[in-house]
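Take a look at the chain below.

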Amino acid sequence: MAIDVNQPIFVISVAAELADMHPQTLRQYDRLGIVSPSRAPGKSRRYSQNDVNKLREVQRLSQSGVSLEGIKRILELENQVAALQYRVAELTEELSRRRTPMDARIFAAGAAGDVVSLTRGQRPRGRSQAVVVWRPRPADERRNGS
């Protein structure tokens with residue numbers, strides 16, 4: 001059974017020991033918004049394994065001479081990068097789902113003059129027999145404006 005690294009299970013004394021810090025340092029980081037743990041019903045702090053890992057990173061950066069404001073900004077930027085990477089993955093997956101397996105897309109003029117998308121082998125309904133085949137230009141041609 002794997003432990004959920006986001007599950008807040010450590011009380012402040014255990015988290016401080018795991019991060020090799022004093023509990024008061026963890027309280028200060030919480031007040032500054034550098035590492036903010038979850039709160040148990042009695043308002044006591046509960047740290048996850050991710051929180052402990054973040055505390056270790058804060059300690060490493062601090063020992064390298066980075067100020068607490070600098071550390072806070074670094075962590076914010078890392079969170080933004082992670083969120084953007086997740087969004088890129090979501091959009092990439094959505095794009096691959098929307099792509100048709102063939103290079104060409106087929107459209108027809110509908111009975112009311114609207115554009116109707118057709119699948120391969122499908123014929124337009126109604127009176128119109130006009131069919132347009134659209135083949136997208138390769139990406140390098142679109143970028144060069146050719």
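Which residues of the largest nonpolar core touch the most other members? Leu-26, Ile-34, Tyr-47, Leu-55 and Val-58 do, out of 17 residues in that core. A nonpolar core here is a set of buried Ala, Val, Leu, Ile, Met, Phe, Trp, Tyr and Cys residues joined through side-chain atoms within 4.5 Å. The elements that give two or more residues to this core are α1, α2, α3 and α4 (68-98). Helices are DSSP runs of H or I with at least four residues, strands are runs of E with at least two, and both are numbered from the N terminus.

A word on the source. This is a predicted model, in which local features need pLDDT of at least 70 and side-chain atom pairs count only at pLDDT 80 or more, while totals for chains, interfaces and linings use all residues. Residues are numbered from 1 along each chain as its sequence is written, and side-chain values use heavy atoms, with hydrogens and water left out.

Start with helix α1, residues 12-19. Ile-12, Ala-15, Ala-16 and Ala-19 are buried there. Buried means under 20% relative accessible area, exposed means over 50%, and partly exposed is in between (1.4 Å probe, protein chains only). Seen down the axis of α1, the buried residues fall within an arc of 100°, so they line one face of the helix. The arc is taken from the directions that run from the helix axis to the C-beta atoms. Why can one face collect them? An α-helix has 3.6 residues a turn, so residues three or four places apart point the same way.

What does that face meet? The buried residues of α1 pack against β1 (10-11), α2 (23-32), β3 (45-47) and α3 (49-63). Contact means heavy atoms within 4.5 Å. Now find Leu-26. Leaving out residues up to four places away in sequence, Leu-26 touches Ile-12, Ala-15, Ala-16, Met-21, Tyr-47 and Leu-55.

Next, look at pairs of helices. α1 and α3 pack at an angle of about 45°, with their axes 9 Å apart. Axes are lines fitted to C-alpha atoms, for helices over the stretch in contact, and angles run from 0 to 180 degrees between N-to-C directions. α1 and α3 are therefore oblique to each other. Angles under 35 degrees count as roughly parallel, over 145 as roughly antiparallel, 65 to 115 as roughly perpendicular, and the rest as oblique. Ala-15, Leu-18 and Ala-19 of α1 make the contact with Val-52, Leu-55, Arg-56 and Gln-59 of α3.

Move on to α3 and α4. Their axes come within 10 Å and cross at roughly 135°. That makes α3 oblique to α4. On the α3 side, the contact is made by Lys-54, Val-58, Leu-61 and Ser-62. On the α4 side, it is made by Ile-71, Ile-74, Leu-75 and Asn-79.

Finish with the loops. Most residues other than glycine have a negative phi. Asp-20 has a positive one, near 60°. Asp-20 lies in the loop between α1 and α2, and counts as exposed at 62% relative accessibility. Lys-43 is not a glycine either, and has a positive phi of about 70°. Lys-43 sits in the loop between β2 and β3, exposed with a relative accessible area of 66%.

Ser-36 is partly exposed, at 44%. Its C-alpha atom is separated by 8.4 Å from that of Tyr-47, eleven residues apart along the chain.
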